[in-house]
Amino acid sequence: MTTSMGYLGKVLEQGRRLAVKPFSIGSREDLDTSISGLQKKCAAVLSSRGQASGARTAAQVLEIYEQYEDDDKEAFFDVLLADFSQDKDQLVDACRTYSADPTQEHLQALAGFMEPERQELFRRLNLVPGGTACLVQMRQDLLKILPRRPDLKPVDQDFLHLFRSWFNRGFLTLRPVSWSSPAIVLERLIKYEAVHEIDGWGDLKNRLDPEDRYCYAFFHPNLVNDPLIFVEVALCREIPSSVQNILRDDREHLKAEDASVAAFYSISNCQKGLQGISFGNFLIKQVVENLRVQYPNIKRFVTLSPLPGFSAWLSKDNRAEAFGLSADNLLALSGQDAGEDATLIDQLQDPMTRAALAYLTARKPNSTQLVDSVARFHLGNGARIEKLQWRADISDRGRRRAFGVMVNYLYELDQIEANHEAFVVQNEVKLSPALTALSKQASRHGAGAGS
């Protein structure tokens, strides 16, 4: 039994390696790399019955696409839209047939005609080793084009439809990332960090190596060493009020058993081609569960999160005046003047805190959707807004985007489901008692949440 399982393990490992190894297309002599040539190869992929020949042609499609410049890539998306959509005539006929005789057979036929041919093309391209990564990159290229080419949206919708199946939670694995993880994974953390830039290997080690620092990431079996999303965690005695204190390399390290708070201070999505597919809600909840089991002494799970659009929001439509703030005040806090007046900054803490709370609870015009995307994410996950932290990120970026203000979202385990339902169903923003009182006080003084 042991021998057979060992052999099976070797077979599975070899299969895993093949799954991420680029497919060789052989000689590139006489390979037609024109748009029309690529269109013919795509058609050949769909018409091919032999797995080997079909896989080789599919590999050629991906290889040619990867050699293209931006203009050729856009032309390829035009081909996908024009030549690999539904056959409208067949679809109309199928609708009429089903309407006249609504049998299961006619329904299945109708469903087949409703699906664009490019979806099946993408499925067959995905069978090529390394195909998943190529398709994710392909959608990333498309997303750059969409703002000026909204007519290509149907192609993007097909990518998104398939990716939501291929990257659903059941296929993902949660892995801790530590200083001893493979170098290729560590390099990608540096590359993908989107909240607080990692300043080289020393900074990365400071975030991963101490026993009071953790990092967890979701991985997909076809993107073995390429994380989809990762979260960085600091174990603390109290709810953190400064990201600079968390990131300091000369800070005092805390023994894990002495911590009572786990703080999620950075969450980064890694694959731009997977935009629109949510991983963070599963990630945070599973990391909370893992830490709760590993360290029963940790009682509170919070974030230290940015307010990425606060500066832009407060600077528009004379909003700052409603909180007693002037344009000069905003300039001083954002660091765009020659220096800082410590006394003035202390005086501005109260009005700026009220403004930040108004921003976090503000809705988009004619909508129930919150303005702030980070707030939508955490409140939708069942957290509540716990504390506003004044001057919590005094980096150039933190001052520019939010005048240095950050926010703690609290994940209270026995309230997550109730908070989620309140937010999703009733559009209710859950606040801590202290912030609830501040919100009521601000409303009485005419400086409540705006739109």
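Predicted model: local features only at pLDDT ≥ 70, side-chain atom pairs only at ≥ 80, totals over all residues.
Residues are numbered from 1 along each chain as its sequence is written, and side-chain values use heavy atoms, with hydrogens and water left out.

**View 1. The protein chain and its secondary structure.** The chain comes to 21 helices and 7 strands, which are DSSP runs (H or I of at least four residues for helices, E of at least two for strands) numbered from the N terminus. Of its 451 residues, 46% are buried, that is, under 20% relative accessible area with a 1.4 Å probe, protein chains only.

**View 2. Helix H4, residues 70–83.** The 14 residues of H4 reach 20 Å from the first C-alpha to the last, close to the 20 Å expected at 1.5 Å a residue, where the expected span is 1.5 Å times one less than the number of residues. Lys73, Glu74, Phe76, Phe77, Val79 and Leu80 are the buried residues of H4.

**View 3. The lining of the second largest pocket.** A pocket is an open set of points on a 1 Å grid over the protein atoms alone, where a 1.4 Å probe fits, with protein on both sides within 12 Å along at least five of seven lines, and lining residues have an atom within 4 Å of a point. Arg213, Leu235, Cys236, Arg237 and Glu252 lie nearest the centre of this pocket, among 17 lining residues, which by class are 6 nonpolar, 4 polar and 7 charged. Strand E3 (229–236) and helix H12 (243–247) each supply at least two residues of the lining.

Terms used: Buried < 20%, exposed > 50% of the residue type's maximum accessible area, 1.4 Å probe, protein only. Nonpolar A, V, L, I, M, F, W, Y, C, P; charged D, E, K, R; others polar.
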